[in-house]
Amino acid sequence: MEKSLSLEKGTVQLLEDKILIQDNAKREYIIRIVSSALWTFYGIMSVLRYLKTGDAFLLWTGLLIGVAHFVLLVLSFLRTTKAEIELSEVQHVTFKSRNGNRFMDLKLRNGLKRRVSKIAPISEDMRAFFMERQIQVK
């Protein structure tokens with residue numbers, strides 16, 4: 001039984017033993033990595049400027065920006081952009097909604113997450129598919 005569902009930008013194919021996801025996850029991943037790395041660099045440079053000028057504002061803003069974006073950078077490395085996921089790899093599925101955007105997180109057995117964004121029109125079909133396959137849905 002093959003079922004193809006359309007996303008806002010891409011498709012999800014539900015097969016008997018795997019899921020094929022075609023979306024712009026790679027592009028979003030690269031943008032997130034580059035953005036976090038640049039903001040971390042900015043934070044480091046701000047702290048280094050503090051050492052030269054002694055301006056406390058540079059120290060605190062540099063620390064806040066640098067540390068926050070470094071944490072986001074590390075968390076970004078805990079995600080994957082795999083397009084083909086075996087159902088045996090999926091540990092559990094979480095459906096979430098934030099700022100009007102519905103998305104789904106697939107937690108894989110290797111500890112990584114795969115996020116599928118903008119699934120509002122197909123969320124109930126996806127939920128039914130995973131419940132039918134007896135995969136834990138949150």
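Mentor: With pairing: two strands pair if DSSP finds at least two bridges between them. This is a predicted model. Here β3 (residues 18-22) and β4 are joined by three bridges in the antiparallel sense. Across that pairing, Ile19 stands opposite Ile85 in β4.

Trainee: In which order do the strands of the sheet with β1, β2, β3 and β4 run, and how do they pair?

Mentor: The sheet is open, its order is β1-β2-β3-β4, and the pairing is antiparallel.

Trainee: What is the strand order of the open sheet with mixed pairing?

Mentor: Its four strands follow the order β7-β6-β5-β8. The edge strands are β7 (113-116) and β8 (136-137), and each pairs on one side only. Strand β5 (residues 90-98) pairs with β8 in the parallel sense, over two bridges. In that pair, Val93 stands opposite Val137 in β8.

Trainee: Now the helices. At what angle do α1 and α2 pack?

Mentor: Helix α1 (residues 25-53) and helix α2 (residues 56-76) pack at about 155°, and their axes are 7 Å apart. Angles over 145 degrees count as roughly antiparallel, so α1 is roughly antiparallel to α2. The crossing of α1 past α2 is left-handed.

Trainee: Which kinds of residues make up the contact of α1 with α2?

Mentor: The contact residues divide into 15 nonpolar, ten polar and two charged.

Definitions and conventions: Residues are numbered from 1 along each chain as its sequence is written. This is a predicted model: local features need pLDDT of at least 70, side-chain atom pairs count only at pLDDT 80 or more; totals for chains, interfaces and linings use all residues. Side-chain values use heavy atoms; hydrogens and water are left out. Axes are lines fitted to C-alpha atoms, for helices over the stretch in contact, and angles run from 0 to 180 degrees between N-to-C directions. Angles under 35 degrees count as roughly parallel, over 145 as roughly antiparallel, 65 to 115 as roughly perpendicular and the rest as oblique. A crossing is left-handed if the near helix is turned anticlockwise from the far one by less than a right angle, and right-handed if clockwise. Ala, Val, Leu, Ile, Met, Phe, Trp, Tyr, Cys and Pro count as nonpolar, Asp, Glu, Lys and Arg as charged, and the others, Gly among them, as polar.
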